[in-house]
Amino acid sequence: MLLFALITALAADPPTGEVTKPPALLTFVEAEYPAEAAAQNVTGTVTVTIDLDETGHVESVTLVDSPRPDFGAAALAAIKRFVFLPAEVDGHPAPVTLTYRYEFKVLTKVVKLGPQVNFEGTVLERFKKTPLANVTVTVVDVARTATTDAAGHFEFIDLPVGAHTVRLTGEKLVEVSTDETIEPEQKRTVKYRVEEKQEGVDIEVTVRASRLKKESVQTAIRTEEARRVPGTQGDTLKVVQNLPGVARSSFGSGQLVVWGSAPRETRVLIDGVEVPSLYHAGGLRSVVSSDLVKGIELLPGAYGPEYGRGLGGLVRVETRALPERGVHGSVQVDVLDASATLTAALGDRVRVAASGRYSYLDRLLAGVVAPDVADFFPIPRYSDYQAKVTLALRKDEELGLLFLGAHDDYRRQVPASDPTLVKSEQSTQHMHRLALRYSRLLEDGASFFVTPFIGFDSNLTHLQSGAVPSNQSTDAVKPGLRAQYRSKVEPWLVLTLGTDVLSTSAKVSRSGSITTPPREGDAYIFGRSPGDDVATDSWTTQVSDVSVYALAEIPLGVFSITGGVRAGASVIDVGRLQPKEVGVPAIGGSSVNWTVDPRASVAFRPFKRWSLTASAGLYHQAPDPEDLSAVFGNPTLGLQQSVHTSLASNLKLTGTLGLDVVGFYKYSSNLVSRSSLSTPPVGQALNQNGTGQAYGVQVLLRQELFENFFGWVTYSLSRSTRRDQPDQPERLFDYDQTHVLGVVASYEWRGFTFGVRFRWTSGLPRVAVNGAFYDVRDDTWQPLLGARNAIRLPDFVQLDARVEKRFAFKGQSLDVFLDVQNVWNQRNPEEIVYSPDYSTRRYITGLPVLAVLGVKYEF
Amino acid sequence: MNSERRWLAVLVLVTACRPDFGLPVSVVTSPRVLAVIAEPPELRPGEQVHLRTVAGGPDGPLDPRADYAFCTSPRPLVESNVVNADCLAGATSLIATAVESTDATVAADACLEFGPDTPAQQPGQPPLRPRDPDVTGGFYAPVEVSVPGATEAIALVRLRCNLAHASAQAAVAFAARYLPNTNPSLSTLTLERDGHPVDPASVPASTEVTLSVTWPEGTAEPFVVHDAQSDALVDHREALRVSWFTTGGEIPVVTTGRGEDDATTNSSTTWQTPTSGRGTVWAVLRDSRGGVAVRSLDFVVP
């Protein structure tokens with residue numbers, strides 16, 4: 001029991017004059033809680049008057065009011081030992097009398113002395129809501145376990161304060177994990193709703209969303225693990241770049257290259273709402289504050305029917321539940337940017353959160369670097385915001401509103417004495433999303449949610465090189481809807497039904513060379529001037545995709561099947577099928593593309609610790625609005641498609657150590673590529689003759705958080721190729737990386753967290769240059785190109801390190817971190833640059849040793 | 001450049017820098033084509049053009065014995081270079097060999113091969129996409145120029161072709177208002193130091209000297225460009241660009257010039273003179289429609 005004292009009033013009784021300084025309590029003595037009252041959980045307030053002399057000592061204490069005699073006696077005994085700083089009357093120390101209230105209050109049942117339960121809970125079957133016995137609850141990082149009793153109850157005694165990973169396992173249980181935080185002197189009580197195992201389904205869980213449904217009576221679930229990875233600068237979502245199946249992107253691009261797919265083929269969803277990119281331009285930061293992120297999930301391919309519209313991988317970000325009580329916040333400052341987050345619970349049902357970030361790196365470096373450095377590495381100015389409101393309607397029913405956005409901007413003017421070298425550059429991107437989410441867990445255990453949303457995207461790229469323009473702007477409105485119902489309809493069948501709707505209305509305008517900006521597969525040479533042939537077009541498009549999906553999870557002995565289908569219609573509508581001609585009315589066109597995408601996985605689990613899962617699926621992706629121009633593209637483009645297959649072995653070596661080996665193969669067809677003709681038919685500068693394949697194997701050895709340590713080793717061996725036209729040779733994909741090795745480790749010791757990250761990857765392919773000729777008209781050399789992507793940049797090797805110290809005090813914390821990148825100052829080539837006459841080839845090297853210092857304050 | 005690639009990450013900037021490739025391209029260290037002058041610089045298919053090559057070497061002007069050949073392969077739509085790579089691999093029609101200058105007749109179908117004209121639409125087939133002009137509205141017939149010992153050069157002869165995507169009214173107006181290009185001229189090429197003329201026969205050693213050229217008023221000619229989006233004619237004036245070359249010393253800023261809104265009739269750059277010896281300085285003036293003028297002076301650094 002805890003005694004709690006409160007000064008509620010100060011009633012001085014000065015003999016004369018005015019109290020210019022009230023007495024201040026210097027020494028507080030805790031009254032002994034009467035044992036009988038404590039045993040009965042009786043509380044009360046004792047009122048006394050205290051006479052202080054001019055030195056601040058207690059002369060006498062008079063009992064004014066007490067609910068119980070033992071309260072009064074205990075209070076008097078304690079207060080007599082108080083020491084005050086003397087009061088002043090008219091500026092001089094003087095004796096005073098004050099009224100004091102001593103409150104006996106039971107806050108919690110945690111006793112400071114002796115072992116106590118500070119983490120307990122109940123495990124229920126999700127659908128039937130019946131208690132589950134013999135479920136093993138493991139706090140993995142401290143290697144402690146408990147087993148549920150017949151009532152589904154478990155408890156832990158004196159679990160260390162801090163964040164923990166909790167795993168629930170059982171013979172008939174789908175294995176799930178979650179994070180819990182134990183606060184000082186507080187007991188955490190949770191209720192877990194889990195599903196009983198259906199063979200094969202749990203395999204999916206390990207690579208997909210956790211099925212854990214959790215009700216918590218206490219707030220504050222914080223996931224700190226991801227942002228402890230070196231090189232992330234504390235940004236949780238940047239950890240994706242270190243996951244298996246993800247190639248290292250070009251330095252500073254922030255692209256996600258997953259299983260040999262182009263960045264634009266991988267979809268990013270935040271709470272089910274698609275956003276253009278996970279990262280700001282340059283990849284410096286993610287577009288969502290880490291403080292609002294509960295979890296992030298990477299699905300490199302062969303995923304289920306719930307998602308679509310992409311030929312590549314899928315990144316799902318889930319925002320966290322907001323604290324149930326109080327006002328909390330954080331402020332982070334480092335050399336890149338500053339950010340702040342504030343959350344508040346407004347009553348019992350409404351919770352709000354707001355977060356914002358603003359960068360200043362461009363201004364910080366403006367006075368440091370040479371102006372021509374921006375020729376290679378323009379630094380954007382970025383900002384983002386998120387706001388979230390949740391309203392608890394009834395039990396297991398919630399209404400939420402998510403509002404988020406991001407902004408990136410880069411501008412530059414390059415004066416020159418040569419008018420053809422005068423440059424004006426601007427690149428601006430805006431993204432806004434507003435989503436409403438209604439979710440409900442029904443009495444029978446089924447779940448339902450619906451998320452209508454609307455998005456606004458704006459992209460502007462302007463490059464004026466002398467008189468030659470290269471401009472493109474896109475403004476898009478994206479309303480959509482996701483809804484899903486999931487239920488266990490039979491003991492052997494869980495069924496998921498849903499719909500996924502997205503419409504993209506875009507206005508696009510473009511001027512400049514058809515080859516600028518380059519597409520994947522173009523003969524891109526860094527620093528080469530854009531083509532000077534110019535065209536202009538402005539057009540509108542509307543791409544509407546309405547899909548429904550169904551997913552069944554069926555056990556069949558040691559086998560299990562997860563099968564589903566995604567069916568839908570994509571309506572591609574363009575405002576003009578022919579280039580604009582004055583006096584000729586625009587004639588638009590529409591096409592309806594029906595799709596039926598089967599997706600399935602079969603799992604074989606002969607042993608408890610090992611499983612083998614084969615997955616396959618068909619995927620479609622609509623063309624980008626930018627490709628539907630009658631001048632620069634092709635307004636009749638249809639859907640691109642890809643077949644994914646994978647075979648995965650999952651081996652649990654220990655409770656927290658796992659070895660995953662995954663082989664994959666993808667074949668893509670109807671890919672949009674450039675026409676190779678000199679004068680293609682009107683409106684067919686692009687066609688869909690492209691094909692591609694990607695295959696490889698990836699290995700992941702992962703130690704989850706255990707006794708303050710976590711880490712993983714991942715290695716991928718892969719090859720990704722494209723054939724742009726049937727009569728053209730196969731070439732390496734622009735983002736192909738044969739070898740990708742990553743090692744991440746983090747260890748916490750006495751408040752310090754130490755981490756290292758090591759990366760070794762093959763260099764990206766580049767077009768070979770076999771010589772040059774002199775362009776007499778423009779007084780420039782132009783390259784004689786060899787085979788596309790026939791050479792590579794040298795390998796990339798880098799070691800990063802991170803140390804972080806957390807100072808915690810009274811519900812607040814201050815994190816100070818030092819993120820050191822490229823510890824041994826490896827000169828990693830990031831790009832090839834040629835001399836003006838292409839006779840000499842050199843490399844632009846990337847990051848030198850760089851220490852990023854940052855602080856984060858939380859309350 | 002791909003916008004995704006153009007964005008960078010972090011603090012590389014602190015130490016990232018442009019690699020050093022040694023001497024600037026203004027220093028002529030080996031035989032080299034400096035300019036190819038077409039007279040007239042703009043003509044219709046089937047008309048005759050006179051081509052003359054200006055070349056230099058480490059010892060000064062060369063009397064080039066060049067091979068001239070018309071390129072016969074149009075460049076693919078995806079080609080960023082000014083010419084189809086096949087033309088540098090033999091897809092050419094020979095004009096003359098081992099001559100300093102030559103007359104040539106531009107092919108009658110040049111606007112079909114290299115301009116906006118497209119073959120007649122075949123029944124049941126869609127029309128073909130006209131080629132895009134450059135920012136001045138121009139189309140060019142490539143000419144391969146081979147000088148022994150020098151890098152292969154491609155000259156571009158500007159063609160007068162029909163407009164694509166233009167109304168009859170706009171086409172008539174364009175024909176009436178468009179003035180074919182003529183070659184510019186250079187009036188002077190001078191050396192100065194601290195505002196005083198420098199005698200080319202006695203150039204101070206290892207000194208910063210200002211190279212200046214002037215050209216007559218009206219050299220930057222006005223012209224109109226058809227805007228296909230609005231079907232309107234847009235008035236422009238030629239931008240002028242000067243390329244500087246020398247056999248000795250260094251010219252760090254190798255090109256200068258005047259934009260189309262700048263009516264100034266001179267341009268200059270700085271020359272770090274050599275320690276000694278004889279040599280040549282060239283100034284090549286190019287207008288934005290392909291016209292060329294060359295002026296040179298010989299110098300002596302005692």
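Visitor: In what order do the three strands of the open sheet in chain A sit?
Guide: This is a predicted model. In chain A, three strands make an open sheet with antiparallel pairing. Reading across it, the order is S4-S3-S8.

Visitor: Which are the edge strands there?
Guide: Look for strands that pair on one side only. In chain A those edge strands are S4 (58-65) and S8 (96-104).

Visitor: And by how much are neighbouring strands of this sheet turned against each other on average?
Guide: Take the average over neighbouring strands and ignore direction.

Visitor: How many bridges link S3 and S8 of chain A?
Guide: Strand S3 of chain A covers residues 44-52, and its pairing with S8(A) is antiparallel. In that S8(A) strand, A:Thr97 stands opposite A:Asp51. The bridge count for S3 and S8(A) is nine.

Visitor: Which helix lies across S3, S4 and S8 of chain A?
Guide: The one to pick out spans residues 69-79 of chain A. Against S3(A), this helix runs at about 35°. That's helix H2.

Visitor: Over to chain B: how many strands does it have?
Guide: Chain B's C-alpha atoms fill a box of roughly 75 × 55 × 40 Å along the principal axes. Its helices number three. The strand count in chain B is 19.

Visitor: What share of the contacts in chain B between residues at least 6 apart in sequence join residues at least 24 apart?
Guide: Chain B has 302 residues, and 50% of them are buried. Now take its contacts between residues at least 6 apart in sequence. The share joining residues at least 24 apart is 65%.

Technical notes:
Residues numbered from 1 in each chain as written. Chains lettered and ligands numbered in written order. Predicted model: local features only at pLDDT ≥ 70, side-chain atom pairs only at ≥ 80, totals over all residues. Helix = DSSP H or I, 4+ residues; strand = E, 2+ residues; numbered from the N terminus. Buried ≥ 20, exposed ≤ 12 C-beta atoms within 10 Å, placed from the backbone. Contact = placed C-beta atoms within 7 Å. Pairing = 2+ DSSP bridges. Axes fitted to C-alpha atoms, helices over the stretch in contact; angles between N-to-C directions.
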